[in-house]
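Dear colleague,

I am handing over the structure that we spoke about, and my notes on it follow below. Please read them with the model open beside you.

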Amino acid sequence: MPDSTSQPLTGLVPLDDFYHFGVVVTDLDAAMAEWTAIHGFEWGPVQNREFMVRQPNGVVLAEFQFTYSIAGPPHIELITGTPGTVWDPATAGGVHHLGYWSHDLLADAQRLADAGYEPLASYEASDGRPLGFTYHWLPTTGLRVELVDANRRQDFLNWLAGADFPAATDR
């Protein structure tokens, strides 16, 4: 047990930057209706995205839809995805990932990789660095962690309040 002179425990990602649970579903409308009926959630406008994503199997086209619960944090993110991507509904049902804001995406992604979280997916800038978000996977437990660039937080909050939500590649 730590004594009073010990340094506070710090994790790989600050708990106060945890903001969502991601859930991959096969039918977004049905999942939204179910969660609304059972839990009373209201949802942000559904977003459709298509982009190239780097994964261990190379760069692939990802098409998906998503929305977030307006109530939070933590928010619930519902996602339908493309087979063969990190958001493949056939292999990623249930709680898919924990999402954290990152104030230094490149450094935080490297810290997770150094700790054994395997890189799983990311947008990429033209110079090959991650852009907007990264996903990491811990092989022992299967836990996925998504790091999202904290520079997108205000866009996210504006979207939940009714504004447009630009893609990370739009910046």
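Arg153 counts as partly exposed, since its relative accessible area is 28%, where partly exposed stands between buried, under 20% relative accessible area, and exposed, over 50%, with a 1.4 Å probe and protein chains only. This is a predicted model, in which local features need pLDDT of at least 70 and side-chain atom pairs count only at pLDDT 80 or more, while totals for chains, interfaces and linings use all residues. Residues are numbered from 1 along each chain as its sequence is written, and side-chain values use heavy atoms, with hydrogens and water left out.

Arg153 forms a salt bridge with Asp17, and the closest N and O atoms of the pair are 3.4 Å apart; a salt bridge here is a side-chain nitrogen of Lys or Arg within 4 Å of a carboxyl oxygen of Asp or Glu. Because Arg153 lies in helix α3 and Asp17 in the segment before β1 (18–24), the pair ties together parts that are 136 residues apart in sequence. Helices (H or I, at least four residues) and strands (E, at least two) are DSSP runs, numbered from the N terminus. Asp17 itself is buried, with a relative accessible area of 9%.

By this rule the count comes to two salt bridges, and the other one joins Arg111 to Asp108, with the closest N and O atoms 3.5 Å apart. Arg111 is partly exposed at 37% relative accessible area, whereas Asp108 is buried at 14%.

The next part concerns strand β2. This strand (residues 47–55) contains Gln55, and it pairs with strand β3 (residues 58–68) in the antiparallel sense over nine bridges, where two strands pair if DSSP finds at least two bridges between them. The two strands form a hairpin with two residues between them, and Arg49 stands opposite Phe64 in β3. The covered face of β2 holds Gln47, Arg49, Phe51, Val53 and Gln55, while Asn48, Glu50, Met52 and Arg54 make up the uncovered face.

Which backbone atoms lie by the polar side-chain atoms of Gln55? The backbone oxygen of Gly84 lies 3.1 Å from a polar atom of that side chain, and the backbone nitrogen of Val86 lies 2.7 Å from a polar atom of the side chain of Gln55. Gln55 is buried, with a relative accessible area of 8%. Leaving aside neighbours within four places in sequence, Gln55 is in contact (heavy atoms within 4.5 Å) with Val60, Gly84, Thr85, Val86, Leu120 and Ala121.

Thr169 is found in the segment after α3 (153–160) and is partly exposed, at 45% relative accessibility. Not counting residues up to four places away in sequence, Thr169 touches Tyr123 and Leu131. Between Thr169 and Asp88 there are 81 residues in sequence and 22 Å in space, C-alpha to C-alpha.

Lastly, there is the largest pocket, which is lined by 16 residues, with Pro119, Ser122, Pro130, Thr134 and His136 nearest its centre. The elements that give two or more residues to this lining are β2, α2, β6 (118–124) and β7 (130–138), and β6 gives the most, with five residues. A pocket is an open set of points on a 1 Å grid over the protein atoms alone, where a 1.4 Å probe fits, with protein on both sides within 12 Å along at least five of seven lines, and lining residues have an atom within 4 Å of a point.

With best wishes

Methods:
A polar contact is a pair of N or O atoms within 3.5 Å; within protein, one must be able to donate a hydrogen and the other to accept it, and residues adjacent in sequence count only if both atoms are side-chain atoms.
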